Amino acid sequence: MDTMHTRRTFLTRGLTVLSAATTMPLFIQRTCLALNNPHDLPLTQTAMGIGEQILVCVQMSGGNDGLSTVIPLDNDDYHRARPTLGAIPNPLALDKSGVALHPGLAGLKEIYDGGHLAVIQGVGYPNPNRSHFRSMEIWQTADPMHPPKDGWLGRYFDAQCKGSDPKDMPDPKAAVNIGATAPLALQGSKFTAISFQNPQSYQWFAGNKGVDAKMRNTFAQVNDLNDTGDELAGQSSGNPTLDFLERTALDAQLTSDEIRAVTSKYHPAVSYPNTPFGQQLQMVSQMIAGGLKTRVYYVSLGGFDTHSNEKPAHDRLMQTLAAGINAFMRDLKSQGNDQKVLVMTFSEFGRRVAENASKGTDHGTAAPMFVCGSMVKGGVYGAHPSLRPQDLDAGDLKFHTDFRSVYATLLGDWMKADSAPILGGNFRTLPLLA
Amino acid sequence: MDNPLQPIWESDPGRWDFSMAAHLLRRAGFGGALGETEAAAGMGPEKAVNQLVRFGNVPNPGLEPLVFGDLTNPIDQGGAGGARGGGRGGLLRGMSAEERKGFQQIEQAAQRAKLEELKLWWLDRMVRTTRPLEEKMTLFWHGLFVSSAATVKNTYLLYQQNELFRKNAAGNYKQLALEVSKNPAMLIYLNNNDNRVQHPNENYARELMELFTLGIGNYTETDIKESARSFTGWTNVGDQFVFNRGQHDEGIKHFLGHAGNFTGEDIVNIIFQQPACAKYIAGRLVRFFGVDEPPAEVVEPLSRIVAANRYEMTPALLALFGSKWFYSQEVVQRQIKSPVQLVVGALRSLGVPVSQPAAVDNALKLMGQELFNAPTVKGWDGGRAWINTSTLFARYNLPAYLGTGKLPTAGKGAQGASMDMRTSYAEFDSGWRPDVDLAEGGVSTTDGVVDLYIKKLVGAELDARKREELVIFMNGTGDTKSHMNDPLLPDNDRRTRSLVHLIMAMAEYQLA
């Protein structure tokens, strides 16, 4: 066997070489998620790890105004606190729950009517923090008590690999972030996800005709991208920053060809809204259709920090959110992958009950979350938090459902993982899954 | 007791060389051209640090203000709303709905165009300045007192704010915080222009303490509410700060243990009496210029220097850049260059101007640092957060962007147009002449070419095995000692360009 082949060769050739354990490259060693049983060749064709369930996280950055998202009906306190913002024509009532979806969320209402949208009300955590950054850290780490270290999904991936060897890491492709900034949620103490904005630019370009192959070879050599002996030994340069960069370059190089191939193969049957958010979801759908062995996809939608003149911006965001998710769900259905995928939305906090002088709202606390998918048992979960002035906490809603209960449900009932060690405790789960 | 801020010329007299000078120029600036680094290496650490930090005396010829034309004209100043106010409202009222729509489209196009001009103007300054720390500190403040074009929507006001940062680049932090609190771009960005007595808007008050001066944990939610009341009525008309007394809350406010009918000035004064404030800015300086996780034993003494000098930045910068800690193994080549530093440094080290502004702007977006459009009010996290698989490819492709001007478009969907990056980069940034570099460096062998560009671009020794690979690439034969043809053949010229691309596509080149 050629011991100088690249890890990428391994990726495309599959696992036929595994018997040669002494020359097994680092990449195969570290892909424990892909290898429940290394000698069972067909495993390479199935999703990695325990199941095929895929989680798509939708991060709504800036603090979404929950009170203009899931709207309390016939509530005088609501209209007193929000004389202008509370006037939302044609809200989409959710059966007899006493609440309605924002009219821009028609795409989600359709999923609700199909029985597959869970609206979880009053989600938050104790001693809410109203800083965007701290609260986002809390949601992403699922740890309100300690300085940020790693993310809740990163810990999930860490937990899939029990090996003591630090090189024994999951395939980075197990989690894919669409965007230029990798979220803390996906960062484990061992695991690191991959990120890209656009599959087409997700590659290294060797500039000159004629020397391309030679350049590529030298590029691989000077970046330690080949499986040479010293790489197998996991040698460190002595400079942790340099090691970190080389490790990332390796992850990038290994996943580049596959992701570009997979995303160019599938052309969706439905048309996605022409928004960056819609395009992100389309890329996710292409990767799912292409059978990429990814368990968690992470997309984001920003602009929710509506301190001033909230209505037009928030209306647009609701429309963008719902139209994107609606197209995504229809696309999955036409692929026949809808039962494998669950979508969760969250924001770092809701907003203040009373509107401010600028027809906007300041930072608040509890807010609703959406969970949808063909395996989701639709409905409204929990009551709308009370808006009576005496029930508010410094002008903000009191939460009744800890967000870690939602995480525990997704980790335990959906991803089939033991959530307690990942979340640092036992949280009541919700009956979200059919 | 050991003092990490002891000047290197006292702790290690005589210790100073090319790679230390290169380190200083990378951190306190954007990396020097070969000649600059050699000059700094020749003058010794004390003089080199002083010349960089006391840049007020350094002539900076050929850098002009950005021209905006008629500031009462929203098209000229690149934005809606009119920097000098007035005219636009009346203009719009006199229009039909259709005319208004057309006007607004023209306005938006003008805004985009002017913003591109502003970005290019600043990048060009960073590339050509003889006062690199002036621009580096401007970038520091730009990432600390964040305002983004997406919200401000007026290029002139962003330019005005940028000039404020430059004027106070190594000046007084407290003075700057006060001026920022009255800065129109900031008043718009954090909605203080909507902060009125009836319903205070807390946005500015919160970020002033959380991100600009104290850091989380050094104030309460009540302090935010009370200081927001104190800033009521602080607003702008066009490019001017205005105190609108009718919208100001004249009541008693309780803030950080003080009580009174406070205004914004009082709030800034009280904030800057807090010991946390000097510690906060010292931590930010150490993180920006030093290491991702600032050690307390460096931040503490630096914060004492900041406090003792009443928030003057120059003494703190002199202490930091002169310190023996700054030249220690835990600092040198441990920081990841910001995208702006990567781009500006590449151009400075090759001695060429920004010749592909659209490509450079796009590359910066892909690398996660669009000037005047920080992702959030927190600015850019920096450090390892610059790096993921997405941004790393963008970085390693940088020479292709600079050289060909052909770019993969950011934000396009998966169906985005395919691109041809394979055109020759013979036109690599108009003006870069490898043959001139080689002649100046007196270089005629392949290993000589490799060593010349390692010195120019990395400024430190490279791992021997990697150097060998580059030499093999240059001579194409596997013989590491073969001579290059002299005069250079077209192929050697192209090879040299490819060599520069390869060096820039290495982990070592990402290190500041």
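Two strands pair if DSSP finds at least two bridges between them. Strands here are DSSP runs of E of at least two residues, while helices are runs of H or I of at least four, and both are numbered from the N terminus. The model is a predicted one, in which local features need pLDDT of at least 70, side-chain atom pairs count only at pLDDT 80 or more, and totals for chains, interfaces and linings use all residues. Residues are numbered from 1 along each chain as its sequence is written, and chains are lettered from A and ligands numbered from 1 in the order in which they are written.

Take strand β5 of chain A, residues 117-124, to begin with. It pairs with β10(A) (residues 367-372) in the antiparallel sense, over five bridges, and there A:V119 has A:F370 as its bridge partner.

How many of the residues of β5(A) are buried? Eight of eight are, where buried means that 20 or more other C-beta atoms, placed from the backbone, lie within 10 Å of a residue's own. Over in chain B, helix α20 (residues 389-396) has eight of its eight residues buried, so it is largely enclosed by the rest of the structure.

As for confidence, pLDDT (the predictor's confidence in each residue, from 0 to 100) averages 85 in chain A, with 83% of residues reaching 70 or more. Over residues 228-233 of chain A, though, the pLDDT is below 50.

How values were computed: Buried ≥ 20, exposed ≤ 12 C-beta atoms within 10 Å, placed from the backbone. Contact = placed C-beta atoms within 7 Å.
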